[in-house]
Amino acid sequence: MIALADKIEKSFGGRVLYSGATLQLNAGERWALVGPNGAGKTTLLRIIMGLESADEGTVTFARDTTLGYLEQETKLAGNKTALQEVLDSAVEIREVERLITELEHAISQSDEGEEQERMLERYGHAQDRFDRLGGYELNARARAILSGLGFPIEDFDKPAKDFSGGWQMRIALSKLLLRHPDLLLLDEPTNHLDLESVQWLEQFLASYDGAVLLVSHDRTFMDACVSHVASLENKRLYTYSGNYSSYLKQREDNLEQLKAKRAAQERDIVHMEVFIERFRYKPTKAKQVQERVKRVERIKEELVVLPESHQAMHFRFPEPPRTGDMVVSLEGVSKHFGSNRVYDDLNLTLYRGDHVALVGPNGAGKSTLMKLIGEAIAPTAGKIELGKNVTHAYYAQHQLETLNPANTVIGEMDEVAPGWTSSEERRLLGAFLFHGDDVLKRVSVLSGGERARLALAKMLVAPDPLLLLDEPTNHLDIDSVDVLERALKDFSGTIVLISHDEHLVRAISNKIVDVRDHKATVYAGDYEYYAYKRAQIEAEQQEAQGAAYVAATRPNATAEPKPEGRNVKTREQRRAEAEARQARSRALASTKRRLAEVEAALAPAQKRYAELMELMASEELYNDAAAFDRAMKEYTSLSKKIPLLEEEWLELTEKMEADV
């Protein structure tokens with residue numbers, strides 16, 4: 001056991017967050033802490049960390065346990081570089097290092113004798129401890145962590161205070177990961193990370209040998225790295241084994257069992273109350289009546305309490321104005337910031353109905369591309385043209401600052417929803433999880449997540465046909481992300497999205513633009529297609545690197561004599577060839593997996609296309625304008641999707657035949 005939170009109770013202003021909450025954290029366990037907005041997830045992290053006190057209960061730790069806590073916001077000061085900030089966080093290693101330096105100086109100044117012998121013994125122990133703590137690899141580990149979290153090498157020596165808030169959060173996370181505490185507490189660690197950094201963090205945490213407790217809205221991230229889930233429900237804490245998807249299934253199964261047990265209890269109560277009422281005044285039945293009265297009281301005391309149901313609000317957002325087929329075109333676009341070259345001769349066209357995710361390593365220029373599309377910045381060279389009737393709305397974290405702190409939530413909506421009734425506004429705000437008196441809160445008292453939801457709601461009141469969304473899920477909880485996902489999936493206009501939330505990207509994107517190496521490469525398919533193509537490219541690169549390594553290390557291998565006719569290879573050659581074989585094997589497995597996915601998507605799409613063709617020949621459909629519009633929208637989508645799937649199917653089958 002590393003830590004035990006035992007029978008924790010916490011209230012705020014008479015409102016009970018939870019009582020009797022117990023959670024034991026053991027080495028090698030990675031826990032996700034989940035629950036509805038306002039359930040007290042961050043509060044529980046702070047109680048375990050000792051930053052807040054519980055009303056009841058205790059938190060105990062194993063002896064000499066080290067703790068690390070990443071909060072949602074942080075601010076770095078001083079003149080240390082990013083690398084130095086991270087290195088200096090390894091306090092224990094630094095203390096041992098200082099002791100070694102002090103002992104070296106003292107030994108050099110001392111004479112031979114017992115005192116020097118004692119110092120030499122301490123010096124040996126200190127060196128052993130420094131080695132065990134990883135002191136000799138400290139610099140390499142710090143650099144690897146910074147690189148994994150998206151820092152380019154040239155930024156390692158940049159002052160930490162000069163980075164934006166998001167990058168400072170990455171530095172704070174790097175410091176924690178380098179320290180490698182026994183218990184790691186992370187509050188929304190994927191905020192401010194890109195997809196590639198999130199995937200690196202998944203791998204890091206999946207092999208973490210201490211205990212991890214994290215709060216996150218990113219379901220794919222939790223599926224990849226957590227082994228247990230603690231869920232705050234109905235003011236209680238329930239624990240589950242497995243990742244987030246496993247938790248959802250277990251919770252649903254448990255809920256069905258609870259409902260069945262509750263129904264049985266209620267039936268028993270009704271039956272006994274009927275008996276009690278019927279024979280209450282009959283002396284010969286007095287004993288049976290009293291027995292049933294006691295049993296009813298006992299059942300009512302043990303009555304199963306069902307979890308609160310969080311019903312999803314169903315709200316159909318207004319349709320955006322219809323645009324021309326071409327929404328935005330970039331021709332020969334270059335963008336430089338001084339000597340920093342981001343793009344040269346970039347060509348990209350987006351069309352009506354495209355739901356585009358911009359992906360790629362951090363710093364490659366995703367936000368720059370979005371700002372170019374949104375006319376927030378001008379290109380250094382080239383032409384950017386918006387299509388007919390195209391207007392755009394741009395959402396990024398700075399949009400939260402445009403909210404008026406003096407307004408109420410519903411007052412903010414009044415400014416962008418002229419002509420809407422109060423009930424219509426409340427219904428929309430309900431879709432974004434503002435219920436009851438929440439709409440009367442002042443903007444000044446809203447949390448970061450509440451502000452983000454309000455800004456998104458304002459954007460979708462009367463949506464522009466082109467939505468530009470830069471990390472819209474930061475500060476949102478899972479329920480809020482669900483609301484946004486439903487709104488975006490049904491959006492008939494064009495979307496350009498940057499998000500570290502792989503679940504959201506998978507759910508809404510039908511086209512991927514990969515931004516890297518000063519280029520933007522279009523993948524005309526969903527995220528699964530993009531992931532397959534990237535895996536294929538990386539496997540080919542690894543194979544080429546392996547072959548290049550063999551050629552570089554053994555340039556004259558073919559000319560050397562082969563003893564007894566055998567091909568003698570160096571260990572490096574065998575390793576490179578083994579890596580190349582593994583790369584080919586991974587590529588083949590990826591091809592098989594993607595072929596199965598394409599076949600599973602193609603068959604129903606072709607069937608539905610045939611159904612729509614038959615339906616659209618019906619005169620009844622033309623008499624129902626709404627049904628006709630829906631059918632046409634689906635027909636148009638399928639007519640674009642099916643040829644892409646068929647083309648990919650042919651490509652995959654040819655590759656399978658070539659590789660087998």
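Which residue is the bridge partner of L4 in β4? The exercises below start there.

This is a predicted model, so local features need pLDDT of at least 70, side-chain atom pairs count only at pLDDT 80 or more, and totals for chains, interfaces and linings use all residues. Residues are numbered from 1 along each chain as its sequence is written, and side-chain values use heavy atoms, with hydrogens and water left out.

**Exercise 1. Find the partners of strand β1.**

Step 1. Locate the strands. Helices (H or I, at least four residues) and strands (E, at least two) are DSSP runs, numbered from the N terminus. β1 covers residues 3–12 and β4 covers residues 56–61.

Step 2. Check the pairing. Two strands pair if DSSP finds at least two bridges between them. β1 and β4 run antiparallel and are joined by 5 bridges.

Step 3. Read off the partner. L4 is bridged to T60 in β4.

Step 4. Turn to β2, residues 15–25. β2 also runs antiparallel to β1, with 7 bridges. Here S11 has V16 as its bridge partner.

Step 5. Inspect the turn. The hairpin of β1 and β2 has 2 residues between the strands. G13 takes a positive phi near 55° there.

**Exercise 2. Explore the nonpolar cores.**

Step 1. Set the rule. A nonpolar core is a set of buried Ala, Val, Leu, Ile, Met, Phe, Trp, Tyr and Cys residues joined through side-chain atoms within 4.5 Å. In soluble globular proteins, nonpolar side chains tend to be buried together.

Step 2. The largest core has 54 residues, and L186, L205 and L214 touch the most other members. Helix α6 (residues 165–179) gives the largest share of this core, 8 residues.

Step 3. Look for another core. A second, separate one has 47 residues, including V359, A417, V461 and I495.

Step 4. List the neighbours of L205. Contact means heavy atoms within 4.5 Å. Beyond four places in sequence, L205 is in contact with R30, L184, L186, V212, L214, F221 and C225.

**Exercise 3. Why does L103 count as buried?**

Step 1. L103 sits in helix α3, residues 91–109.

Step 2. Apply the cut-off. L103 counts as buried because its relative accessibility is 4%.

Step 3. Name its contacts. Leaving aside neighbours within four places in sequence, these are M119, R122 and Y123.

Step 4. Compare positions. L103 and A378 are 275 residues apart along the chain, and their C-alpha atoms are separated by 60 Å.

**Exercise 4. Summarise the whole chain.**

Step 1. Count the elements. The protein chain has 20 helices and 18 strands.

Step 2. The C-alpha trace extends about 105 × 80 × 65 Å along its principal axes.

Step 3. Of the 660 residues, 43% count as buried.

Note on methods. Buried < 20%, exposed > 50% of the residue type's maximum accessible area, 1.4 Å probe, protein only.
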